[in-house]
Amino acid sequence: MELTGKRIALGITGGIAAYKSAELVRLLIKQGASVQVAMTEAATHFITPTTFQALSGNRVFIDQWDTNVANSMAHINFSREADVLLVAPASANFLAKVANGIADDLLTTLTLARDCPLLVAPAMNRQMWSNPATQRNIATLLGDEVIVLGPASGEQACGEIGDGRMIEPEEILEELIAHFQPKLLKDKKVLITAGPTFEAIDPVRGVTNLSSGKMGFAIARAAHEAGAQVTLVCGPVSQPTPRGVKRIDVTSALEMHAEVMQRAATQDVFIGVAAVADYRPRIVSGQKTKKDGSPPPVVELVQNPDILAEVAALPEPPLCVGFAAETQNLAEYAEKKRRAKKIPLIVGNLIQDGFGGEENTLILFDDNGQQPLAPAPKLELARQLIARIATLLENPYAPH
Ligand code: PMT
């Protein structure tokens, strides 16, 4: 559970996306958070307070003149007791009021009275979103360190298409979890490779491997959570892109090499998680190879460039981290790769059940020897790896 012990104050304003906030409350509770809901009067026209009371297990606040609240101080108590105030959906009207310090109902009053971070997930018609007044208000809010989540683009309730949709509850959850992670790589640039590469033999066949991309995508997410600007160059995988991560899809090792090399020199960290094919067919047939009774074809292979070794050999390389997946002799092979590629840190994983699992067991090898990380979900391990990388950026010889 990612939000155990966290107290979330959830504000809901009037908009059709308010129905999605019911799912959001369910997701937050499932991750161990406690949720206290405040709704604007307009929000109650879209979804009833009873729904949120049932899902959160807490009374829902709407009226600032509610005499049932101790000392009539709901607006003060609300934020004093919360780790974060999240308003989803946040209407154009609500954002305008908050940007200008207006407090004329319970939700705007407790927003002004808060002493915790404010995250807002805007939801409105595309014209309202692009209106200069809304854009001015958003700029003001960003300047006031309000965290603005989205909006997304797509089909709107009114039938129009454009920017202004509230991002999905799962995405809001991901942003909230990220918000609570320590910002160990704030403003650092991190480049990551992930997944397999596919080396074509002909238009329908090729050489590849079973990397799912999960480990690399988890590291991209963890780096973003830690405040880094993350670019993820990935081979053919079907993983969802972590929020805030710039994704570049490639197919072959040569394409991955080109995308990495044009960016590597400006990065602070490079992490090679991809299972890059060491070889590719020398000749790629333009047509599908046919069975015509002659002996089976022989595919001649040529070596692919070693992306990680080339990045590490740049005149001023980023901090380079490699991965080694082995079926035996992990320590020996991983250390050998670390020395051959001249990189400070390599992450070894034993491949017992093939690629693609949800969990992994990692051992970090660096100048200080080895540091085993207990078996855990890939995101958890990714966060531990990011913590180690942050330490090495500060002090390349820091002990484990
Ligand atoms: O994607 P998943 O299913 O979650 O699985 C994750 C993983 C097992 C693929 C991952 O954790 C992993 O171990 N990746 C590296 C696999 C490997 O053993 O690669 P390698 O020995 O071929 O290469 C060693 C290092 O050099 C790696 O960092 C690799 O990205 C890099 N390399 C290798 C060859 C090449 N031509 N260019 C490279 O950059």
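**Group meeting talk: salt bridges, helices and backbone**

Let me start with one residue. Arg383 has a relative accessibility of 14%, so Arg383 counts as buried. One caution before we go on: this is a predicted model.

What does the side chain of Arg383 meet in a salt bridge? The partner is Glu2, with 2.9 Å from N to O. This pair links distant parts of the chain. Arg383 sits in helix H13, while Glu2 is in the segment before strand S1, residues 7-12. They are 381 residues apart. Glu2 has 30% relative accessibility, so Glu2 counts as partly exposed.

Now a second bridge. Arg126 and Glu160 form a salt bridge, and their closest N and O atoms are 3.1 Å apart. Arg126 belongs to helix H6, residues 126-130, and Glu160 to the loop between S6 and strand S7, residues 161-165, so this pair ties together parts that are 34 residues apart in sequence. Arg126 is partly exposed at 29% relative accessibility. Glu160 is also partly exposed, at 29%.

Arg339 pairs with Glu335, with the closest N and O atoms 3.5 Å apart. Why are they separated by about one helical turn? Because they are 4 residues apart in helix H12. Is Arg339 buried or exposed? Arg339 is exposed, at 55% relative accessibility. Glu335, at 17%, counts as buried.

There is also a network. Salt bridges with shared partners join Glu2, Arg221, Glu225 and Arg383. In total, the structure holds 23 salt bridges.

Next, helix packing. Two packed helices are described by the angle between their axes and the distance between the axes. Here I look at H9, residues 214-225, and H13, residues 378-394. Their axes come within 8 Å. They cross at roughly 55 degrees. H9 and H13 are therefore oblique to each other. The crossing of H9 past H13 is right-handed.

On to the backbone. Most residues other than glycine have a negative phi, and most peptide bonds are trans. Some places here depart from that.

Take the peptide bonds. Pro89 lies in strand S3, residues 84-90. Gly150 and Pro151 are also joined by a cis peptide bond, with omega about 5 degrees. Pro151 is in a loop, between strand S5, residues 147-148, and strand S6, residues 152-155.

Now phi. Glu145 has a positive value, near 65 degrees. Where is Glu145? Look in the loop between helix H7, residues 132-143, and S5. Glu145 has a relative accessible area of 69%, so this residue is exposed. Asn329 has a positive phi too, near 45 degrees. The loop holding Asn329 runs between strand S16, residues 319-326, and helix H12, residues 330-341. Asn329 counts as partly exposed, at 39% relative accessibility.

Last stop, the surface. Which residues make the nonpolar patch of about 330 Å²? Val207, Tyr279, Val299 and Leu301. Leu301 lies in strand S15, residues 301-303. With 45% relative accessibility, Leu301 is partly exposed.

To close, go back to the start. If you open the structure, find buried Arg383. Then follow its bridge to Glu2. Thank you.

Technical notes:
Residues are numbered from 1 along each chain as its sequence is written. This is a predicted model: local features need pLDDT of at least 70, side-chain atom pairs count only at pLDDT 80 or more; totals for chains, interfaces and linings use all residues. Side-chain values use heavy atoms; hydrogens and water are left out. Patches are made of residues with over 30% relative accessible area and no salt bridge: like charges are joined within 9 Å, nonpolar side chains (Val, Leu, Ile, Met, Phe, Trp, Tyr) within 5 Å. Accessible areas come from the Shrake-Rupley method with a 1.4 Å probe; for residues, only the protein chains shown count as cover. A salt bridge is a side-chain nitrogen of Lys or Arg within 4 Å of a carboxyl oxygen of Asp or Glu. Helices (H or I, at least four residues) and strands (E, at least two) are DSSP runs, numbered from the N terminus. Buried means under 20% relative accessible area, exposed over 50%, partly exposed in between (1.4 Å probe, protein chains only). Axes are lines fitted to C-alpha atoms, for helices over the stretch in contact, and angles run from 0 to 180 degrees between N-to-C directions. Angles under 35 degrees count as roughly parallel, over 145 as roughly antiparallel, 65 to 115 as roughly perpendicular and the rest as oblique. A crossing is left-handed if the near helix is turned anticlockwise from the far one by less than a right angle, and right-handed if clockwise.
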